[in-house]
2 protein chains.
Amino acid sequence: MSRPDVDPLLPSWRPGATRDALVAFLDASLDRPVGERVAAFDNDGTLWSEQPFVQLAFLEDAVQAAVAADPTLAGRAEYAALLEGDRAAMGELGLTRIALALAELFEGETPEQFTEKARTFMAGAHHPSLDRPLRATTYQPMLELLDELRRRDFTVFIVSGGGTEFVRAVSDDLYGVAPEAVVGTLIAYDVTRRADGAPELRRTARVLGEANEGPAKIANMHSQLGRRPILGVGNSGGDRDLLEWACAGGEPSLALLVDHDDAEREFAYRSVAQTFAEDEPITEVAERLGWTVVSMARDWAQVFPT
Amino acid sequence: MSRPDVDPLLPSWRPGATRDALVAFLDASLDRPVGERVAAFDNDGTLWSEQPFVQLAFLEDAVQAAVAADPTLAGRAEYAALLEGDRAAMGELGLTRIALALAELFEGETPEQFTEKARTFMAGAHHPSLDRPLRATTYQPMLELLDELRRRDFTVFIVSGGGTEFVRAVSDDLYGVAPEAVVGTLIAYDVTRRADGAPELRRTARVLGEANEGPAKIANMHSQLGRRPILGVGNSGGDRDLLEWACAGGEPSLALLVDHDDAEREFAYRSVAQTFAEDEPITEVAERLGWTVVSMARDWAQVFPT
């Protein structure tokens, strides 16, 4: 049944300046040729909740399984810090070293094996505080935006700091985004041969190129996809360059920044961007550069899917 | 007007065993879920003629322009060998060193500048012996196959040894393949800042990862696209691993190898694959592995578009 008194466009976005700016961009974007209608979304904290990082929960499960199989692994500094949630130790070890140690847990697996593990985890994992499955911590207003963009013949890409394979394992199911439209941090593959002589791919514990954060998001997106966004959507300092990139290629364009200011329905925290010599809250960067800031508390009538 | 007495499927493919195998595969592929209907095509010698390599003709033009602007460059060994067509000197220098010297010609350019150059070249370049524009040296039977695959909801990727940016500049126009569906040899980008502070991409003269030939075609395709082909189409030793990969992931699958045996309408030559200790003609590899070989002379009623 039609409801002529309710605007069917972006129903979870409350009326106001943010929604007006978004709708104005959606209308104006139709002046661009279809090939230029490209949107780039960050994932963690932008398309779904990032407290805790979903992929970190997956990796904790994998460490626990590895330790159960070989208890001596519990003594390894990177795994111990993670299992104990020891942020001081994690800071001292550094994210790169921890990430590479975690990559070792899947070394030698085929892409299919890893994808199966990621999907099995996502099918069963529950959020520790939000009283919903992890797969249901996507943001309803963003799902609506993805649909509106596709209705306008946009090509939608996910440009995530997370592991490419992990995001690809769930992106079609959660967001309708195909594997090839996901750009993340890549683990290198070795091409080996099976006993019958056929080639196969095996995961290594090496990162291919640069981790997909900051300026690398621009370079990696261009290398992998060859397309420039006119809409950039993010929430953190690691998305800053991508959002600037989206706005530097002519008009119309839009940079949309999610401000996590909703302690009641989600979480209240604020990312910082390293600009010049000091850390600048990302919302101040947004104001300085004229981005559109989404206040989760004010602009979203509904946060999660029902 | 319909022509019920003419089969509209793949009209440039002559009746026979090759066409039968191809049509049987197209029919059987419908049993696969849509997400698994993935085709990977090599470009040079598979989708268009490779004598001469189109990209090499483009690069020769660029060297000539650079030498006209700075005559001292004519003394540089890599450029001299190319301009003189000195195959002995080229062999001695090695393809990698020549490719990197050529990449220097475009160092510092933005992606848009390079794309514009590639498109301008393709708009005006003529084949030296085939009496047609270079952009019309695509193979009509392959264009028909691309359309048939898309009609069956296949995702079509180009996995080329050529430079990714060059192929992307023309792939939509020639083949209806979007930039993000092209995997080739990648030049790295630097992210810099314009005078107004906005980020921009500038080409370097460094290759990112491995040149996209042989086993690297499998690893690069998976890293960039996250999908496995069930149809692999190629023509040379550099495509061998990709075609084996297409056939190693379950049935139905098909490896299609173009044999350039048509001196009258195109060219007659045969690529070799380095297998074990010796060079094996790629058509013998095909026979050993049960691939379907396309004889250009026998199987194609028409080679080029009219």
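1. Before anything else, a word on the angle below: helix axes here are lines fitted to C-alpha atoms over the stretch in contact, and the angle is taken between N-to-C directions. Also keep in mind that this is a predicted model.

2. With that settled, take chain A. Helix α9 (residues 215-225) of chain A packs against helix α10 (residues 240-247) of chain A at about 55 degrees, and their axes sit 6 Å apart. α9(A) and α10(A) are therefore oblique to each other. The crossing of α9(A) past α10(A) is right-handed.

3. Who touches whom? From α9(A) come Pro215(A), Lys217(A) and Ile218(A), and they meet Asp241(A), Leu242(A) and Trp245(A) of α10(A). Sorted by class, that contact holds four nonpolar and two charged residues, with no polar ones.

4. Now the contact between the chains: chain B puts in 29 residues and chain A 28. On the chain B side, the elements giving two or more residues are α8 (164-175), β3 (182-193), β4 (199-208), α9 (215-225) and α10 (240-247). α9(B) supplies the largest share, seven residues. By class, the side of chain B that touches chain A has 17 nonpolar residues, plus six polar and six charged.

Definitions and conventions
Residues are numbered from 1 along each chain as its sequence is written. Chains are lettered from A and ligands numbered from 1 in the order in which they are written. This is a predicted model: local features need pLDDT of at least 70, side-chain atom pairs count only at pLDDT 80 or more; totals for chains, interfaces and linings use all residues. Axes are lines fitted to C-alpha atoms, for helices over the stretch in contact, and angles run from 0 to 180 degrees between N-to-C directions. Helices (H or I, at least four residues) and strands (E, at least two) are DSSP runs, numbered from the N terminus. Angles under 35 degrees count as roughly parallel, over 145 as roughly antiparallel, 65 to 115 as roughly perpendicular and the rest as oblique. A crossing is left-handed if the near helix is turned anticlockwise from the far one by less than a right angle, and right-handed if clockwise. Two residues are in contact if their C-beta atoms, placed from the backbone, lie within 7 Å. Ala, Val, Leu, Ile, Met, Phe, Trp, Tyr, Cys and Pro count as nonpolar, Asp, Glu, Lys and Arg as charged, and the others, Gly among them, as polar.
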